[in-house]
There are 2 protein chains.
Amino acid sequence: MRATIKDLAESLGVNVGTISRALNDKPGVGPELRKRIVRKAAELDYRPNGHARGLVTQRTETIGLLSGLDTHAFLSNPFYAGVFAGIEAETRERNHALMFASAAQKSPLSLGEVPKFVVENRVDGLLVVGPVEVNVIGALQDSRCPFVVVDYHPAAEDLDTVVTNNTRGARVLTDHLLQLGHRHIGFVGGAPLDRGSYHERLLGYREALENAGIAYRQELVHGAAPAGGCESAMKILEAEPRVTALVACNDVNALAAYGALRARGLSVPKDVSVVGFDDVPAALEVWPPLTTMRVDRVGMGRKAAQRLFQKLAEGNATSPHQIVFSAELVVRASTAAPRK
Amino acid sequence: MRATIKDLAESLGVNVGTISRALNDKPGVGPELRKRIVRKAAELDYRPNGHARGLVTQRTETIGLLSGLDTHAFLSNPFYAGVFAGIEAETRERNHALMFASAAQKSPLSLGEVPKFVVENRVDGLLVVGPVEVNVIGALQDSRCPFVVVDYHPAAEDLDTVVTNNTRGARVLTDHLLQLGHRHIGFVGGAPLDRGSYHERLLGYREALENAGIAYRQELVHGAAPAGGCESAMKILEAEPRVTALVACNDVNALAAYGALRARGLSVPKDVSVVGFDDVPAALEVWPPLTTMRVDRVGMGRKAAQRLFQKLAEGNATSPHQIVFSAELVVRASTAAPRK
DNA sequence: TTGTACGCGTTATCAA
DNA sequence: TTGATAACGCGTACAA
């Protein structure tokens, strides 16, 4: 059994209150006694019990990370893995612990329930990563637990968010293809496509087309299942064989589309150019290396955590910030002028 | 402010003890009163405070996940992502929360410090995933916090572990190459290579070679940095241009080796066959699809969590179990007979 | 069946 | 500067 503050007090013949003050660097303890207490604490390997402390201070020094996606899908996506890593780094540096939970579709959380660790007051604040059901956002607001949303910005909600400029990014990518001379350009989607980042990227694709005077065609847009880029690309090529370029909602789906093209005997970029989004490590390892938008995913995670800590310090009363990260076009070998 | 058990008691005119019994399904409450209490609790949205409960029960209904690697490296590896997902699923189904921390090289944890959430009694048990410093294992044993190690088995320690049969797997892979007729086979390593899974895979590679009467050559083995498969493959090919096959310590490094081969104008599998380990999703998406060992990583995570819960139930006194998962050879298009 | 009261390990507010 | 003691919110023996 680990030593408690009481053991420490008894072994030194002083009061527990004094121990507490000494170890928490509060005034009101003689320098000599303080020395003795600190030494004895190290000797007994005393560590304050988190629950007891949390009970009285109402702070847990813990923050929660809530994924909008199913856990496996979340972690398999290098983008989210980077955000997670950034959050973890910032959290660790501030001496806070990190809890994880997922509010995926089918889970009770998606019905507007708040994660266990929130209702039980075991986290000081929450980082919501990725598209979550709107119910969840509502429940969170009711819970009065400070939170910041990363990579998602529900329309018409005034929240603290950290997002990428998705629409602009997709427009830049599509413009790149248009400038190369492409006219028949498909969009390989992801799930969900009706909201969140992929939706915004679809919007950017559409904007770029319309600016170029090219009609938006529903049948050139496909994708609902997570990591279903291969299937989506297949469907697009069936619907319109003249397609010479594909904009994918992210790198993972872009690389999956490579497979579909290979299966049809089409080569990248000679027959079809492909662009992705996120610049995941694999984008550089495949052949041909993928043209994509680079996003500072670790930085986004860090920034979101920083904002959350700021809210915690300021008492959750500050007006919401919307922080936008810009993505940067990285041209590689997966894009070229269309054939002939 | 969230309602406490006291609020609930007062609003019903009964005692807090009765409330506690009613809500925890303990005997000693009349069915009628119990009904009223349950209804009122729902009405006030009462949830017991985790700290207060943890303080008295000495259980937190939380388990910790400790990564042996740096967080980014950990999450970027689909193998570990799968283990994480399995752990999360099992944990969630048992109504426990999950905390995450990393005991990477440079962190104070690696010097034998135990994670904050362990010393503060905020987790009931711990899952250690991947190769950790031996100091950490020692500290954990001293802490008397029940734990299970996944994908790592320190030599000469009698621990609860869940691992893959790495040596056998690498032998199977190498035998596959030998049967195809390869004689000059390199090994693309990873970090760490002196212990843990990659070390065991190296052993299996070595065993297979020696069984086939082929001398083990130090210069055909390279790799220390994480995800340094490209660089390692380069060095091996420089050291011995006659190499016709590469065994990689995992799929991620195998795919990185593809890049090195492309850079030298070598084609897979015509010039050089490549095999990986883990069967990550990308192994199927690249060209050519990778011959590899399939590992049930989600199952390993689940199993480890199950074992941990079993230990918690049985009071940590049971003798350690070593659970070994077998990997399965998946032959795809990245392997063929050597040229000529 | 219900109520009382103690204790879990801290921090914080008083007195001394 | 130090000590005593009351919270914090809950579970649980024990008494009624």
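Student: How many aromatic pairs does the structure hold over all chains?

Tutor: Happy to. This is a predicted model, where local features need pLDDT of at least 70, side-chain atom pairs count only at pLDDT 80 or more, and totals for chains, interfaces and linings use all residues. Residues are numbered from 1 along each chain as its sequence is written, chains are lettered from A and ligands numbered from 1 in the order in which they are written, and side-chain values use heavy atoms, with hydrogens and water left out.

Over all chains there are 15 aromatic pairs. Rings of Phe, Tyr and Trp (its six-membered ring) pair if their centres lie within 6.5 Å; planes under 30 degrees apart are stacked, over 60 edge-to-face, and the rest tilted. A:Phe74 and A:Phe100 form a tilted pair, because their ring centres are 5.9 Å apart and their planes stand at 45°. A:Phe74 belongs to helix α5 (residues 71-76) of chain A and A:Phe100 to strand β2 (residues 97-102) of chain A, so the pair ties together parts that are 26 residues apart in sequence. Helices (H or I, at least four residues) and strands (E, at least two) are DSSP runs, numbered from the N terminus. A:Phe74 is buried, at a relative accessible area of 0%, and A:Phe100 is buried as well, at 3%. Buried means under 20% relative accessible area, exposed over 50%, and partly exposed in between (1.4 Å probe, protein chains only).

In chain B, the rings of B:Phe79 and B:Tyr80 have centres 5.2 Å apart and planes at 75°, so that pair is edge-to-face. Both B:Phe79 and B:Tyr80 are buried. These residues belong to one aromatic cluster, whose members include A:Phe74, A:Phe79, A:Phe100, B:Phe79 and B:Tyr80.

A:Arg297 touches A:Phe79, and its other contacts include A:Pro78, A:Gly82 and A:Asp278, not counting residues up to four places away in sequence; contact means heavy atoms within 4.5 Å. A:Arg297 sits in helix α14 (residues 297-314) of chain A and is buried, with a relative accessible area of 11%. A polar atom of the A:Arg297 side chain lies 3.4 Å from the backbone oxygen of A:Pro78. That is a polar contact: a pair of N or O atoms within 3.5 Å, where within protein one must be able to donate a hydrogen and the other to accept it, and residues adjacent in sequence count only if both atoms are side-chain atoms.

Arginine also meets an aromatic ring elsewhere. The charged end of A:Arg201 sits over the ring of A:Phe277, 3.7 Å from its centre, and B:Arg201 sits over B:Phe277 with a distance of 3.7 Å too. For this, NZ of Lys or CZ of Arg must be within 6 Å of the ring centre and within 35 degrees of the ring normal.

Phosphate oxygens of DNA strand C lie 2.9 Å from a polar side-chain atom of A:Lys26 and 2.9 Å from a side-chain N or O atom of A:Arg53. A base nitrogen of DNA strand C is 3.4 Å from a polar backbone atom of A:Ala52. Helix α4(A) gives the most to this surface, with four residues.
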